[in-house]
Amino acid sequence: MKIRLDRTVCDGFGLCAKHAPEYFSLDDWGYACLVGNGDVPQQDRDAVMRALLDCPVHAITEVGEPKPSIPHPQLHDEDDPASRVKTESNEAEWGFIR
């Protein structure tokens, strides 16, 4: 696991340093600093994920390979919600009155 800390987003809540002090420290003003290069071994993953998930401003992100995309099913015209949108071209069908 590899993490990144965006110090420009940090608001100094300090939860990251509370949950994973080996990876986050606080500067003199209480803002987070990343300790090390962001590489997290498997045994420390839970504590760092807790810090990541508890960050109220989402200043910590996990860096890695993108997750594989899920293929979307093909919609037929009758299944497509856009085919049922009320427009001027189908106003008689929807009962629009001018």
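Reply: Happy to. One term to begin with: a salt bridge is a side-chain nitrogen of Lys or Arg within 4 Å of a carboxyl oxygen of Asp or Glu. Please keep in mind that this is a predicted model.

Me: Good to know. How many salt bridges does the structure hold?

Reply: There are three salt bridges. In one of them, the side chains of Lys2 and Asp39 meet, with 3.4 Å from N to O. That pair links distant parts of the chain: Lys2 sits in strand β1, while Asp39 is in the loop between β3 (32–34) and α2 (45–54), 37 residues apart.

Me: Are Lys2 and Asp39 buried, partly exposed or exposed?

Reply: Lys2 has 32% relative accessibility, so it counts as partly exposed. Asp39 is partly exposed too, at 40%.

Me: And what does Arg7 pair with?

Reply: Arg7 meets Asp27 in a salt bridge, at 3.3 Å from N to O. Arg7 belongs to the loop between β1 and α1 (15–19) and Asp27 to the loop between β2 (24–26) and β3, so parts that are 20 residues apart in sequence are tied together. Arg7 is partly exposed, with a relative accessible area of 43%.

Me: Which residue does Arg50 bridge to?

Reply: Its partner is Asp54, and the closest N and O atoms are 2.9 Å apart. Both are in helix α2, and because they are four residues apart, about one helical turn separates them. Arg50 has a relative accessible area of 40%, which makes it partly exposed, and Asp54 is partly exposed at 25%.

Me: Let's go back to β1. Which of its side chains are buried?

Reply: Strand β1 covers residues 2–5, and its side chains alternate.

Me: Which strand does β1 pair with, and in what sense?

Reply: β1 pairs with β4 (residues 60–63) in the antiparallel sense, over four bridges. As an example, Leu5 has Ile60 in β4 as its bridge partner.

Me: New topic: how much space lies in the largest cavity?

Reply: About 100 Å³. The largest cavity is lined by 16 residues, and the closest to its centre are Cys10, Phe13, Gly14, Cys16 and Cys55.

Me: What classes of residue make up that lining?

Reply: The lining has 12 nonpolar, three polar and one charged residues.

Me: And how many cavities of 30 Å³ or more are there?

Reply: The count comes to one.

Definitions and conventions. Residues numbered from 1 in each chain as written. Predicted model: local features only at pLDDT ≥ 70, side-chain atom pairs only at ≥ 80, totals over all residues. Heavy atoms only, no water. 1 Å grid on protein atoms, 1.4 Å probe; cavity = no way out; pocket = protein on both sides within 12 Å on 5 of 7 lines; lining within 4 Å. Points joined across faces, edges and corners; volume = space filled by probe spheres on them. Nonpolar A, V, L, I, M, F, W, Y, C, P; charged D, E, K, R; others polar. Buried < 20%, exposed > 50% of the residue type's maximum accessible area, 1.4 Å probe, protein only. Helix = DSSP H or I, 4+ residues; strand = E, 2+ residues; numbered from the N terminus. Pairing = 2+ DSSP bridges.
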